[in-house]
Amino acid sequence: AATTTTATAQTAATNAKAAKTEKAAEASTTTAAAAAAQQQKTKAKAAKASTHSTTAAQQQETPQRALSEDVVTSPFVKVNPRALQTTTECEENSRWTGLPWVYLTYTERVAWGELGWSETWWDLAWGGDSSGVESIAGRCFGGSFLIGESGSATCLLGELIYSYDECLTASDAYEAEYSGDLYGLGEAVNDEYGTPGCHIQDRVGFEFNEASLTGAVSGYSPICKYNSTIYGSCPSTTTTTEAPSVDGITLLEAIPEAILTCYGDLTTDQQDAVRILGYTISSWHACMPEAWEPPTCSWPSGIPTEDADCLDRLDYLLDRYDPTSNWDDLSYRTKEAMVTLGWDEDGTDWANRLTPKSYAKPFAGLTPPSTLSKTEQNAATFLMYTEDVWEGCEDDSECITRLQRQETEMATWGLWSEMASGLQTRLKVLGWTDTLWSAGELPASASIDWDKLTQSQRVAATLLGYRKDVWENCVMSDCLTRYNYVVAKYEGLSWSDLSEAQQDAWTMLLHSEALWEEGGM
C-alpha cells in the first residue's frame with residue numbers, strides 16, 4: 001500500500017533524493033496504462049524498423065517548406081557531410097581517390113585544410129590533378145552544369161541560370177549522379193539579400209532566388225551552364241597559377257601531421273573536421289591507406305566507446321553540451337550544428353535552457369517534419385548523437401533507472417524564482433506554477449496518460465527529459481523493482497526532508513512525524 005499510495009505525492013524541488021514518485025493508480029487504471037505502454041512499445045519498434053526502408057523521397061524532404069510550430073529551421077546550415085559507411089574495408093575512401101582538390105566542396109576543403117592538406121599535397125597523396133582544372137570551378141554534372149566557386153556571384157566558365165525550370169533540370173541531374181548528396185530544388189524564393197538565380201547553399205541543397213539585386217554571398221555557390229558542344233561533357237581549362245613542384249617529395253612527407261595523429265590528440269577544431277567529413281572515432285585511422293602508415297590508436301580517454309551502455313553515452317553528451325556552460329566556449333562547428341537543430345545564433349536560448357522543439361522529434365522512422373530532417377540528422381550525428389541516445393535510451397535501459405535520473409535532474413533545478421526561464425516555460429505548459437513547484441505538488445497533467453496529453457504537452461515533457469514510460473511512472477516495471485525504488489527513495493530521509501506533498505501523502509497512510517522519526521518509512 002505504501003508503495004502505490006505514497007506515490008501520489010511527488011517533489012521536484014528541494015532534494016536530489018526527494019523528487020517525483022509514482023502516481024497513485026487503481027488496478028484497472030494500471031492495467032489499462034500497462035496495455036497502452038505495451039502497445040506504444042510495439043509501435044516504437046515498428047517505427048525504428050521502418051527507418052531502414054524510408055523512401056528516397058522521404059529522405060529528400062526539404063525543411064524549407066511551410067512548417068508547423070513544432071518544426072525548427074535554421075538561418076545557416078552547413079552541417080551536411082556526405083554519408084560515410086563504417087566498413088572494415090573502408091570502401092568509402094574511394095570517394096577521395098583520384099579526386100582533385102578543386103573538386104572538393106567548400107566545406108570539405110575547409111575541413112581538410114583544418115587537418116593540414118593543401119591542393120598540392122592532396123593531389124599528390126590521392127592521385128588527383130588540379131593542374132588541368134580551373135581552380136575556381138567545382139563539380140560538373142548532367143553534361144552541361146557546373147558548380148561555381150563558393151561565395152561567387154559569377155561564372156568564369158559558362159553562364160548563370162536565371163530560369164527556375166532550368167534550375168530544376170540541374171537539380172534533377174545532380175540527384176541522378178550524386179543521389180542523396182544535396183537537397184533537391186524546392187519552391188522559388190524572393191530574397192533581396194540572397195544569391196540571385198540558381199545556386200546551392202554549400203553542402204545543403206539547391207535554391208532558386210527570383211531577386212536579382214544582390215551579388216555574392218558567403219556559403220553559397222552559383223550553378224553555371226556551359227556549352228557542352230565546345231567544352232565537352234566535363235570541361236577543364238588551364239589554371240593561371242602554376243602548381244608548386246613536388247619533385248623529391250615522398251608520399252609520407254606530403255601527409256600532414258594531423259592526418260597521422262590519433263583522434264584523441266587532435267585539437268577540438270580538428271576533431272570537428274574529422275566528424276564533419278563523415279568519419280567516426282573508430283574509422284578515422286582504420287580507413288587510411290596502409291601505405292600512409294597510420295598509427296595504432298587507443299580509444300580516447302573520457303569518451304565512451306561506441307558499444308558502451310546507452311545511458312553512459314547519453315551522460316557523456318549531456319556533460320559535453322551542458323547548457324549551464326558558456327555558449328561562446330563551444331567550437332564554431334558545434335554552434336553551427338546547434339543552430340541547425342534550432343538554437344539561436346547568439347546563445348540566448350542556450351543561456352536560458354530553452355531547448356529547441358526539434359529535440360522532441362524522433363530521430364527517424366517518419367516523414368519530416370514529424371521526424372528530424374536529413375539536415376537535422378546530420379547535425380545530430382556530427383554532435384555524436386546516435387539514434388538510441390537521441391531517443392533518451394528508452395528501449396535500451398530500465399524505466400525505473402531513468403525515472404530516478406529524471407527526479408534527480410529536476411531536483412537540481414532549484415527554487416522556481418531562481419530557475420532558468422527556459423525550464424519554467426516548458427514546466428508551465430504542463431501546468432506547474434511557483435506554488436505547486438515549491439510545495440512539491442504535481443500539476444493536473446501528471447495524472448493524464450501520455451497518449452492523452454496534448455501535442456504541446458508531450459513536446460514540453462520530452463524536452464524536460466520525460467519519455468512515455470517514465471511519465472507514466474514505469475507501470476511496466478515489475479513489482480519488486482518498483483518497491484525497491486520507493487524504499488531507496490525515502491531511505492535515510494527525516495520527516496523535515498520530505499516536501500509538503502509527501503508529508504500529506506504519508507499522513508493519509510496514518511504515518512506521523514513521530515512514527516517516521518522512530519522507524520522511517
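What share of the contacts in the protein chain with a separation of 6 or more comes from residues 24 or more positions apart? Such residues account for 65% of these contacts, a contact meaning heavy atoms within 4.5 Å. This is a predicted model, in which local features need pLDDT of at least 70 and side-chain atom pairs count only at pLDDT 80 or more, while totals for chains, interfaces and linings use all residues. Residues are numbered from 1 along each chain as its sequence is written, and side-chain values use heavy atoms, with hydrogens and water left out.

**Overall chain**
- The protein chain holds 23 helices and 6 strands, which are DSSP runs numbered from the N terminus (helices H or I, at least four residues; strands E, at least two).
- Of its 521 residues, 48% count as buried, where buried means under 20% relative accessible area, exposed over 50% and partly exposed in between (1.4 Å probe, protein chains only).

**Strand β4**
- Strand β4 (residues 197-201) has 5 of its 5 residues buried, and pairs in the antiparallel sense with β5 (residues 205-209) over 5 bridges and with β6 (residues 220-225) over 3 bridges, pairing requiring at least two DSSP bridges.
- H199 stands opposite E207 in β5, whereas the bridge partner of Q201 in β6 is Y220.

**Disulfides**
- The whole structure contains 4 disulfides, each a pair of cysteine sulfur atoms within 2.5 Å.
- C167 and C198 form one, with sulfur atoms 2.1 Å apart; C167 lies in helix α6 (residues 164-177) and C198 in strand β4, so the pair ties together parts 31 residues apart in sequence.
- The C310 and C393 link is left-handed, with -85 degrees about the S-S bond, and both cysteines are buried.
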